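Subject: Structure for your review

Dear colleague,

Please find below the structure that I am handing over to you. My findings follow it, and I would ask you to read them with the structure open.

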Amino acid sequence: ADEHEKGGKPYTGHIVGEPYGHMTGVGVYPWNVITFGRGLAMNATDMPWDVASKTDVVPHCHKANHLIQHIWERDGKPFSFRYRADVGSTLLSTAVLFHRCKDGSLLEILSGDSIYREVVSKIASAARDIADRACSLFSYANSSDKHAIVQLGRYGDIVNALPAIRLYGEANQVKPSVVVAKEFASILEGVSYVDAVEFNGGFDAVKPAIEAAATKHRTVVASQVWGRDIEVVRKCDHYNQDNWERLGMLGRWGERMPLVFDKRNYVRERDAINKLVPWTAEPIIVVSLTGGATSKLNDGARIKRMVQERFGKRARIIDLDGFKFNYIFDAIGVMELADAIVTTDTVWLHLASETLVPVAAFLSDISDWHKTKPRCNCTLELTNTSDSSTDRLMAWLDARVTAAEHRRFVHCCETHRPLPNRVKRAQRSWRDMNSGGDWKVVMLGQCDRDTTMLGEDRSIPFLRDVLRHGLNACGSDDYLVFTNDDNILVNGLKDEIKRVLSRGVALTANRIDIPHWTGVPPVVTATNHQGRDLLAFKASWLRLHLEDFYDYALGICDWDIGIAAHVRHFHGKRWHHDTSWQIEDDCELKPGWVLHEIHKPTYPDAKKVLTPGLLYNRKLLRRWIDRFDPDMRVGFWWWGKI
């Protein structure tokens with residue numbers, strides 16, 4: 001404790017492998033570990049978390065190697081002390097903690113057998129107590145009969161409340177039942193963290209719903225802030241904040257939450273997109289101005305006509321009014337394709353929180369309390385339909401459409417020096433991409449973590465680090481493009497990316513192998529390579545979903561299979577060996593846009609050598625398949641070898 005205070009840093013520990021080492025896991029930690037760096041320890045997959053988090057920890061660590069002694073093993077095994085002289089010859093005279101001795105031999109020699117047995121007994125008792133408490137914390141999936149939340153509807157009110165309901169469940173270690181009016185209950189099929197209880201009564205019959213819930217639940221909370229036969233105490237400036245206050249979660253209102261709908265059905269979403277969204281390279285405006293019930297916009301039809309007349313030739317107008325989604329939350333798939341959303345105070349305003357798309361909203365002018373406080377990216381709030389409001393809307397839309405018309409392509413890749421001639425030839429093709437000044441290349445060289453952490457002898461970065469590096473250079477309207485540093489890009493690629501991303505959020509592209517690049521693209525009718533060498537994303541979408549992508553090691557086999565499967569999954573498609581050569585038009589480019597000069601492989605034959613990085617990638621791919629598409633495992637010859 002004295003040494004930690006003297007150091008004056010959040011961490012105190014033993015630094016292993018200087019100068020680019022890590023703090024071994026045994027040490028002193030701050031309570032708010034997640035606030036230092038990028039939370040890498042929380043995202044470690046198949047590498048030790050103390051190694052994965054070294055760039056978060058080491059800059060904030062007070063080195064105390066003289067107090068905390070670290071010897072990983074002797075003769076290939078954790079340290080085992082044989083006799084007292086062995087202890088004397090091994091321990092530093094200043095050491096107060098030794099890591100690692102897993103058999104208790106150090107404690108036994110230093111303390112004597114009787115004390116050793118007593119300590120072991122106490123540790124075992126404490127471990128059982130900790131295990132019992134952990135089980136009680138994480139067994140709440142079966143305790144839904146204890147807590148009920150009454151939130152009868154409508155759809156928009158339920159969507160607004162869901163983040164607070166999730167926080168309530170986490171705070172109380174329960175999976176709460178949510179009592180909803182039967183006509184709106186289907187919306188809860190999109191979330192996993194509540195149990196739906198249908199109430200056969202009107203959506204304003206709060207008191208009967210509370211009484212019914214109380215017969216089966218120990219704790220009943222009425223989060224709804226209006227209804228018949230109940231008194232509503234207005235504590236907040238806006239009604240939907242009162243909704244959160246009743247759940248005790250108002251203090252977390254401003255936080256960026258995990259996405260609300262964690263059980264989206266991408267197949268259904270794709271069906272809706274096919275019906276509503278055409279193939280286009282133009283900006284997309286999603287509009288809903290004549291729907292809604294409690295916040296009807298009387299002048300909505302006229303404003304919608306103005307939008308069509310003013311921007312119909314520059315953008316595609318997607319009208320949600322009158323379209324029947326199978327489930328209301330299926331609209332998220334359409335909304336995240338938009339460059340602008342214009343809506344009244346309806347469920348669309350709340351669903352827009354699942355995207356970063358800029359929103360213009362007509363809000364209630366009954367009173368400030370009746371006016372929704374938007375949690376989405378609402379950059380224009382309008383409260384009436386006067387000429388000034390419509391003029392402001394038209395100016396806002398003009399700015400949004402103009403920004404989308406001038407979006408950039410940010411091309412990121414990892415690179416190593418010196419560059420072979422074939423790589424230089426490939427990168428000369430990138431200059432043609434920038435003929436309009438809208439193609440920016442950002443390269444990632446040496447980075448804080450790489451595949452040497454896995455035991456590889458090559459220093460290659462991980463997928464998320466390269467994508468994150470590219471995102472740092474992206475504006476909200478830009479596309480992010482990833483390739484290897486030796487890929488040749490063919491003229492016309494930008495228009496093809498725009499076209500495919502008008503109906504999707506991400507895409508992949510196969511490469512075509514060629515003997516030598518002469519500047520003339522070959523005639524291509526089919527792909528000759530299963531791997532994906534190009535990825536492209538809507539940058540704003542990727543900012544929300546980057547952590548959904550497994551953090552594969554680049555430049556090592558099978559990472560691109562995992563990405564191709566995941567991108568297809570987001571578009572309601574599936575990946576299998578027997579169909580991997582086929583192109584899914586919704587999320588993959590036709591062959592011929594990405595070329596690659598054939599060269600001697602720089603990695604071992606995957607069928608002969610299972611390197612640490614290859615094992616890591618295959619474990620991640622297997623984990624993804626087990627989670628999202630177990631049938632996909634057919635055809636992987638290595639499945640039982642990892």
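I begin with a cysteine. In this predicted model, the sulfur of Cys587 lies 19 Å from the closest cysteine sulfur, which belongs to Cys412, and this is too far for a bond. A disulfide is a covalent bond between the sulfur atoms of two cysteines.

In soluble globular proteins, nonpolar side chains tend to be buried together. Here the largest nonpolar core has 122 residues, and Phe261, Val334 and Leu351 have the most contacts inside it. Helix α7, which covers residues 155–172, gives the most to this core, with 8 residues. Apart from this core lies another one, made of 26 residues, including Trp439, Val500, Ile514 and Leu589.

Which residues does Val334 touch? Leaving aside residues up to four places away in sequence, Val334 is in contact with Ala272, Ile273, Leu276, Val277, Val286, Ile318, Leu320 and Phe325.

Asn240 is part of helix α9, which runs over residues 239–246. Is Asn240 buried or exposed? With a relative accessible area of 1%, Asn240 is buried. Not counting residues up to four places away in sequence, Asn240 touches Asn160, Trp253, Lys371, Thr372 and Lys373.

The structure holds 8 cavities of 30 Å³ or more, and the largest cavity contains about 130 Å³ of space. This largest cavity is lined by 15 residues, of which Ala338, Asp339, Ser476, Asp477 and Ser540 are the closest to its centre. By type, the lining of the largest cavity comprises 6 nonpolar, 2 polar and 7 charged residues.

Yours sincerely,

A colleague

Terms used
Residues are numbered from 1 along each chain as its sequence is written. This is a predicted model: local features need pLDDT of at least 70, side-chain atom pairs count only at pLDDT 80 or more; totals for chains, interfaces and linings use all residues. Side-chain values use heavy atoms; hydrogens and water are left out. A nonpolar core is a set of buried Ala, Val, Leu, Ile, Met, Phe, Trp, Tyr and Cys residues joined through side-chain atoms within 4.5 Å. Buried means under 20% relative accessible area, exposed over 50%, partly exposed in between (1.4 Å probe, protein chains only). Helices (H or I, at least four residues) and strands (E, at least two) are DSSP runs, numbered from the N terminus. Contact means heavy atoms within 4.5 Å. On a 1 Å grid over the protein atoms alone, a cavity is a set of points where a 1.4 Å probe fits but cannot get out, and a pocket is an open set with protein on both sides within 12 Å along at least five of seven lines; lining residues have an atom within 4 Å of a point. Grid points are joined across faces, edges and corners, and a volume is the space filled by probe spheres set on the points. Ala, Val, Leu, Ile, Met, Phe, Trp, Tyr, Cys and Pro count as nonpolar, Asp, Glu, Lys and Arg as charged, and the others, Gly among them, as polar. A disulfide is a pair of cysteine sulfur atoms within 2.5 Å.
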